[in-house]
Number of protein chains: 2
Amino acid sequence: MLFQGEFNNAIDAKGRASIPAKFRDVLSSVFADERLIVTQNDGGLAAYPVQEWEKVLEKVNAMDASPLKDAINLALISPAIECPFDKQGRIQLTKAQRCYAGLESEIREIVVVGSINKIMIWNRAMHAEMRKQAENLLKTESQALYNLGF
Amino acid sequence: MLFQGEFNNAIDAKGRASIPAKFRDVLSSVFADERLIVTQNDGGLAAYPVQEWEKVLEKVNAMDASPLKDAINLALISPAIECPFDKQGRIQLTKAQRCYAGLESEIREIVVVGSINKIMIWNRAMHAEMRKQAENLLKTESQALYNLGF
DNA sequence: TATAGTTGCCCACAAAGTGTAAAAACGTGT
DNA sequence: ACACGTTTTTACACTTTGTGGGCAACTATA
């Protein structure tokens, strides 16, 4: 369990997103490397420690050519870019990244979510909507949840 | 990892496309050569550092004559021309190039995408459409993505 | 040779990105 | 509940980058 928990942070007017101190601690203590590779995934941004990202790259490179591989390259690999931290623990997101994640201009509210080996960054309103939909699905599956121990 | 990331830039009324500063840095620091060879590929424009382009040429030349080789020459090699930078970091695209890539007249919005050893330039709307289709495919392959570490 | 279109070069302005400092908010332990 | 240290946000100054426009040189066409 590396990255865990949700944090309601903000991006400033220049598009810098503050990453929770807990996640930065994980980066320096577990990975000894404060760099993040940020890509676009499923309407949000996904930030991987370099080490984890390289594992992903190797696996993708090992794939035979296929439409799936092309789609992965187009949608997930090409947009990926290293975003270094500044002294305040923030990363600068590019325009294209903010545009993709619905974080243009006036929108400052984000949620930063730990997801095992990566960190997800969402438009907070969008994330709330996704959660609502997930909860609706769960309501129809109470037996399955019970069996899982929830 | 040479060229990486997506950048929402513009072409001006004269057909000049600004290339992101990050890519220009890679050109001068890694290749020590600011020239780009621009060709047409898959509905967009592909720009190669001269050095990389020459590698491609050698490999194609080494092929035995075949319909495939002819097609490569016709569609990929012949249209290629060198596009030098102006002092503002832009390259001048020809009419034929803009026409091929769907960048006629009024269309100003492009996306410049790093793709390892080359730089792709797309009509932004077209690129968004391609991404959408890629993401649709990815949605049907969530198990495969998980296995790859995404 | 006149004309229109294209190309390259230059400048200038606006937008975006970077760095630093300080204030506000938060959490912890006493 | 209070004080303290940490974390996050705000604010401002400064630099870089991207974009638009002017102008002159060149090209092609008629």
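Which helix of chain B holds both B:E52 and B:K55, and how many residues apart are they? Select the two residues in this predicted model. Both sit in helix α2 (residues 50–61) of chain B, three residues apart, which is about one turn of the helix. B:E52 has a relative accessible area of 9%, so it counts as buried, the cut-off being under 20%. B:K55, at 45%, is partly exposed.

Next, select B:E6 and B:R131. A salt bridge joins these side chains, at 2.5 Å from N to O. The pair connects distant parts of the chain: B:E6 belongs to strand β1 (residues 6–10) of chain B, while B:R131 belongs to helix α5 (residues 124–139) of chain B, 125 residues away. B:E6 is buried at 7% relative accessibility, and B:R131 is buried at 8%.

Stay with helix α5 of chain B and select B:R124, together with B:E109. The two form a salt bridge whose closest N and O atoms are 3.6 Å apart. B:E109 is partly exposed, at 47% relative accessible area.

Now move to chain A. Select A:D12, A:R16, A:D86 and A:R90, which are linked in a network of salt bridges. Side chains of opposite charge can pair when their charged atoms come close.

To finish, show the salt bridges of every chain: the count over all chains is 19.

Terms used:
Residues numbered from 1 in each chain as written. Chains lettered and ligands numbered in written order. Predicted model: local features only at pLDDT ≥ 70, side-chain atom pairs only at ≥ 80, totals over all residues. Heavy atoms only, no water. Salt bridge = Lys/Arg side-chain N within 4 Å of Asp/Glu carboxyl O. Helix = DSSP H or I, 4+ residues; strand = E, 2+ residues; numbered from the N terminus. Buried < 20%, exposed > 50% of the residue type's maximum accessible area, 1.4 Å probe, protein only.
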